Every structure is written in C-alpha cells, then in structure tokens.
Amino acid sequence: MFEHLRPQPEDPILALMDRYRADPRTDKIDLGVGVYRNSQGVTPVMQAVKTAERQLVDGQDSKGYTGLAGDPAFIDAMAELVLGDVVAADRVAGAGTVGGTGAVRQGLELIRLARPGVTVHIPDPSWPNHRAILQAMGMAVKTYRYFDAEANGLDMTGLLEDLRAVPAGDVVLLHGCCHNPTGADPSDAQWQEIVATLKAAQVTALIDLAYLGFGDGIAEDAFSTRLMVQELGEVIVAVSCSKNFGLYRERAGVVLVTAADADARAVVQGNLATLNRLAYSFPADHGARVVEMILNSSALRAEWATELSEMRGRINSLRGELAAALQAETGSDQYAFLAVQRGMFSRLTATPDQIRTLRDDHGIYIIGDGRMNMAGLSKEDIPRLARAIAEVCA
Ligand SMILES: Cc1ncc(COP(=O)(O)O)c(C=O)c1O
C-alpha cells in the first residue's frame with residue numbers, strides 16, 4: 001500500500017535547524033526556528049513553571065483521564081486570561097488541545113462541521129502551517145493582502161479592501177498579536193477599523209493567538225481579540241501556551257469559542273468535546289495543569305508575569321539595538337521597522353542569494369523568506385549581524 005505515498009517536501013525550518021547543527025563554526029547565529037532564547041542562548045524553563053511542576057508532582061494523586069475537553073479549570077483560567085471580562089462566562093466554550101497547532105486544527109474542524117464548504121481567508125503572508133492544515137483538511141483557502149514588503153509594514157489599504165470583498169458567512173483568520181512571520185501588527189485604531197470591516201462584511205473571525213504577552217503585555221496583546229469578541233459576538237480563538245509559558249514540548253493549548261448565548265454555548269461545547277474524541281480522545285494534561293496552577297495562584301501568577309515581561313523586554317530591546325546598529329552601518333532608516341514591530345519575528349527583505357550568502361559566508365541562518373527570529377539573537381551578535389546585513393543586502 002505504501003508504494004503510492006510520495007515523499008513529503010522537507011520542512012524548511014527543520015532543514016535549516018539540521019544545517020545549523022552540522023555547521024562547525026563557533027560564531028554561527030541561528031535566527032531560524034521560532035523559540036525564545038535567553039542571553040545565554042538557552043530556551044529556559046520558567047521558574048513559575050518549575051515551582052508549579054514540583055507542586056504538581058507532590059500533590060497529584062491520580063493520572064486518571066480528564067474530560068474530553070481537558071481540565072475545566074485550565075479552560076476557565078485561559079478564558080479569563082485571554083478574554084478578561086468582555087464576555088459572560090456562560091457564553092464561552094473551550095477545549096484543551098495539543099498546543100496552539102491543535103487549537104487551530106480543532107477550531108477549523110468546528111468551522112467545517114458548522115459550515116461545510118466555507119472558505120477561510122488567511123493573511124498574505126501567514127504562518128505556513130495555516131495553509132498546509134487547511135489544504136490537508138480539503139478546506140477552501142484564500143489570502144487577503146496584509147504586508148507591504150516595500151514599506152516593511154502593514155498594507156492597511158489592501159487589507160481593508162480585501163476584507164470588504166470577503167463574502168458574508170466566510171471565515172477570516174487573523175493573528176491576534178505578533179504577526180508571524182512579519183512582526184507587523186495593526187495599531188489599536190487600525191484594529192478598530194479592521195473589526196468594523198469584519199462586522200460589516202458579516203464574516204466569522206478565527207483568531208490565532210500564539211504569542212500573547214510577547215508584544216506589549218497581556219492586556220495590550222489581547223486588545224484585538226477582546227474587541228472582536230465584543231463587536232462580532234461569535235469568535236473562535238486558538239491559543240498556544242508554548243511561548244508565553246515556555247511549555248513548547250508539553251503541547252498546551254486551548255480553543256475558545258464565544259457563542260451567541262448559553263444554549264448555543266452548550267452545543268458548541270459538546271461539539272468541541274466530540275472533535276477531541278475523534279482526534280485523540282483526551283488532550284495532554286501536564287502542561288495545561290501547570291498553566292492552570294500558575295494562573296490560579298497569585299504568587300505564581302505574579303512570578304510568571306515578571307518572567308514573561310523580562311522575555312518581552314529582552315526581545316524588544318534586541319529589536320531596538322539591531323535597528324540602531326543597522327542605522328549606524330547603513331546610514332539610513334530603512335531598518336527602523338525592526339524596533340517598531342512586535343513579537344519574535346521580522347522579515348528581512350533579501351533575495352534567496354543574499355540569504356544564502358549570509359549563511360555560507362557569515363554563518364547567519366535565516367529562513368528562505370527572510371523571517372528572522374529576533375528572540376534567537378544575543379546582544380554580542382548584534383554588531384556582526386548588522387555589519388553582515390549591511391554588506392550583503394545593500
Ligand atoms: C502563528 C502561530 N500559530 C500557532 C503556532 C503553534 O504553536 P504550538 O507550538 O503551540 O503548536 C505557532 C508556532 O510557531 C505560530 O507561530
């Protein structure tokens with residue numbers, strides 16, 4: 001039977017990681033894979049996570065199954081973190097998922113079940129897995145304009161034009177904050193315009209929130225999600241705990257759905273549970289329970305918030321320093337966007353040849369589309385990186 005299988009194309013990010021590992025140079029710089037690194041180049045386990053895990057190991061007296069939707073206390077805590085108080089709790093359905101990827105997948109499964117044949121509109125560009133998952137599910141996918149590569153910023157005019165043309169009843173996927181791969185986020189005022197456009201177009205929003213707290217803060221980064229819930233009523237939010245809790249391999253995530261009322265919520269909740277049953281029965285529990293323990297303990301929550309703000313501060317200061325170093329190297333403001341953009345990623349406008357030269361001649365590893373993981377940088381690397389970019393991309 002397997003003779004009909006075709007080899008899958010290699011994942012460009014994982015392939016780049018392999019090349020990086022095999023590179024013997026000691027001064028190589030990895031800006032490829034999307035994980036946070038501290039000043040020692042390590043992706044750390046947060047202290048709040050360590051403490052919660054110790055408490056969990058000591059206090060847990062059963063590994064029996066949870067519910068199909070996972071630990072209800074985790075879902076409630078995440079709903080409160082993400083949505084604040086903009087929606088009554090009896091309108092919020094939710095299910096634990098296998099990371100943020102699982103949340104996107106289960107959100108799309110719900111959409112497909114609710115509205116077979118629907119088209120999902122994703123930004124151009126977007127996280128490559130959005131299109132890949134949609135295509136694997138056989139769902140129709142279109143793109144809307146998002147990024148102005150010339151200006152290295154949001155293409156607000158194109159974005160609004162395209163959103164206005166989305167047929168009523170379709171689904172629009174939006175990155176709630178820290179857009180991957182561009183780092184270009186709408187301002188609050190621009191979000192107001194975008195949400196008004198979505199409302200007028202009578203479309204459903206699916207929000208991918210993989211970097212809550214990595215941009216400007218929890219409330220700031222949740223602004224767009226909360227606004228959409230307030231203005232649009234029915235919203236699906238795919239949330240990842242991989243980055244903001246540093247729980248990458250534990251696969252903690254949640255799909256939250258705000259329904260029209262409590263009755264509709266009960267139906268959505270039952271469908272989310274069934275979709276989990278069909279995919280993996282029960283979501284993983286360890287990471288979710290750690291998150292719940294942190295969010296429900298004022299001491300652990302405060303410690304986590306401090307650690308998260310240190311991570312955010314580090315990324316934003318690296319952004320500022322790289323922009324300044326490039327300003328000094330090139331004598332122009334063409335890289336000023338790096339300091340303004342948010343989250344782990346920004347995009348370097350570079351040809352494939354330039355990306356290759358950066359890698360081969362300078363040991364600088366950047367993904368082929370120019371996406372740079374700012375959180376992979378160390379301060380010491382900045383002068384060399386700026387010099388190399390100025391030399392190669394001039
Ligand atoms: C935009 C976006 N959505 C979802 C995810 C999924 O994250 P997770 O590792 O929790 O599955 C990522 C991770 O890279 C992402 O960048």
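This is a predicted model: local features need pLDDT of at least 70, side-chain atom pairs count only at pLDDT 80 or more; totals for chains, interfaces and linings use all residues.
Residues are numbered from 1 along each chain as its sequence is written, and side-chain values use heavy atoms, with hydrogens and water left out.

**Stop 1: the domains.** Colour 11–45 + 301–393 as domain 1 and 65–296 as domain 2; such bounds come from an automatic or database domain assignment. Their C-alpha centres lie 27 Å apart. The contact (heavy atoms within 4.5 Å) takes 23 residues from domain 1 and 27 residues from domain 2.

**Stop 2: the start of the chain.** Select M1, in the segment before α1 (12–22); helices are DSSP runs of H or I with at least four residues, and strands are E runs of at least two, numbered from the N terminus. M1 is exposed, with a relative accessible area of 75% (buried is under 20%, exposed over 50%, partly exposed in between, with a 1.4 Å probe and protein chains only).

**Stop 3: R25.** Now go to the loop between α1 and β1 (29–30), where R25 lies. R25 is partly exposed, at 27% relative accessible area. Show its partners too: R25 touches residues including R359, D360 and Y365, leaving aside those up to four places away in sequence. I364 is 339 residues from R25 in sequence, yet 10 Å away in space, C-alpha to C-alpha.
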